[in-house]
Amino acid sequence: MRQISELRLENTLLEVDDDGIATLTLNRPAKRNALDAATIDELIEIFSTLPRAGVRACILRANGDHFSAGLDLVEHHRENRSASDFMHVCLRWHEAFNKMEYGGVPVIAVLKGAVVGGGLELASAAHIRVAGPDTYFGLPEGQRGLFTGGGATIRVADLIGKARMIDMMLSGRLYRGTEAVDVGLCQYLVDDPETKARDIAANAAKNPPLSNFAICSAISHMQNMSALDAAYAEAVVAGVVNTQDAARERLAAFAQGTANKIKPGA
Ligand code: 1HE
């Protein structure tokens with residue numbers, strides 16, 4: 001099994017702190033964190049490794065003013081790809097983002113500036129999206145003569161509904177601010193998204209890893225199933241998760257009156 005220290009990363013940075021919280025940084029700010037083939041390869045390696053490396057949560061952030069400008073348009077132009085070439089590019093994107101969404105490690109995205117095209121496809125594979133005041137979301141594929149290829153037809157349509165997605169692609173509409181929260185593009189809009197994401201990751205990391213694995217993989221899988229199959233799968237997953245040792249300890253604490261209560265803060 002590959003260790004985190006063995007990963008060879010050029011377009012991303014990866015650090016893991018003593019609490020098992022990984023910080024993954026997109027690091028091509030001069031290119032507005034455009035996603036070239038090499039970056040996608042790195043994401044595949046990273047999200048293949050994190051779930052088995054004891055990582056309890058991952059913050060996905062970016063250097064520079066923009067989260068990501070999406071597909072590397074210059075590389076795509078330069079490579080002069082055939083349909084078959086680009087189909088395989090898209091399959092790599094899907095591999096990276098599926099590993100993220102289904103890997104079982106909570107991924108919290110810190111969003112700023114442009115979250116557009118493939119950048120939004122990447123963000124939509126995270127489990128929680130935290131935006132700042134300058135964040136804006138767009139799907140400019142239509143304007144570029146392109147189509148989404150990194151899972152937007154599934155994940156963005158799931159977040160905001162197909163009518164809004166079609167509108168974004170046809171009209172070039174950008175969402176930001178509270179409207180972006182209201183339509184479901186992000187769950188949080190705060191002045192300091194880095195700190196907020198870190199707080200969310202720290203809280204999530206306190207949950208037993210098996211619970212987080214279920215939350216961050218089973219729910220996504222179950223969305224792809226019939227209701228009947230999803231109910232069956234839910235029962236099987238709950239059978240495993242809800243009888244784990246970590247659950248027994250927490251239930252004992254609750255029965256003894258020493259566990260925290262679920263109440264809004266002051
Ligand atoms: C890029 C890219 C890119 C910037 N690919 N190189 N995505 C888009 O249509 C968005 C394209 N980008 C922009 O609209 C703007 O760059 C931004 C609004 C994000 C930022 O503007 P700005 O003024 O800060 O930067 P810039 O001057 O436009 O770009 C700075 C450099 O980044 C410049 O390179 P340089 O070598 O000339 O300095 C740009 O070429 C480079 N750059 N964005 C490559 N996207 C799986 S299918 C998914 C399909 C899509 O994602 S379509 C959406 C594509």
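**Ligand surroundings and domain contact**

The model is predicted, with local features needing pLDDT of at least 70 and side-chain atom pairs counting only at pLDDT 80 or more, while totals for chains, interfaces and linings use all residues. Residues are numbered from 1 along each chain as its sequence is written, and side-chain values use heavy atoms, with hydrogens and water left out.

A polar side-chain atom of Lys-31 is 2.3 Å from a ligand oxygen atom, and a polar backbone atom of Gly-118 is 2.7 Å from an oxygen atom of the ligand. Of the accessible area that the ligand has on its own, 1000 Å², the protein covers 68% (Shrake-Rupley method, 1.4 Å probe; for residues, only the protein chains shown count as cover). In total, 25 residues surround the ligand, each with a heavy atom within 4 Å of it; Lys-31, Arg-32, Ala-69, Gly-118 and Arg-144 are the closest.

Turning to the chain as a whole, the assignment gives domain 1 (4-205) and domain 2 (209-255), with bounds from an automatic or database domain assignment. Their centres, taken over C-alpha atoms, are 26 Å apart. Nine residues from domain 1 and eight residues from domain 2 take part in the contact (heavy atoms within 4.5 Å).

How much area do domain 1 and domain 2 bury between them? The value is about 760 Å², with 52% of it on carbon and sulfur atoms; buried area is the accessible area (1.4 Å probe) that two parts lose on being put together, summed over both. On the domain 1 side, Arg-56, Tyr-102 and Gly-104 lose the most area to domain 2, together 58% of what that side buries. Four residue pairs are in polar contact between the two domains (both at pLDDT 80 or more).

Key:
Polar contact = N/O pair within 3.5 Å; in protein donor to acceptor, adjacent residues only side chain to side chain.
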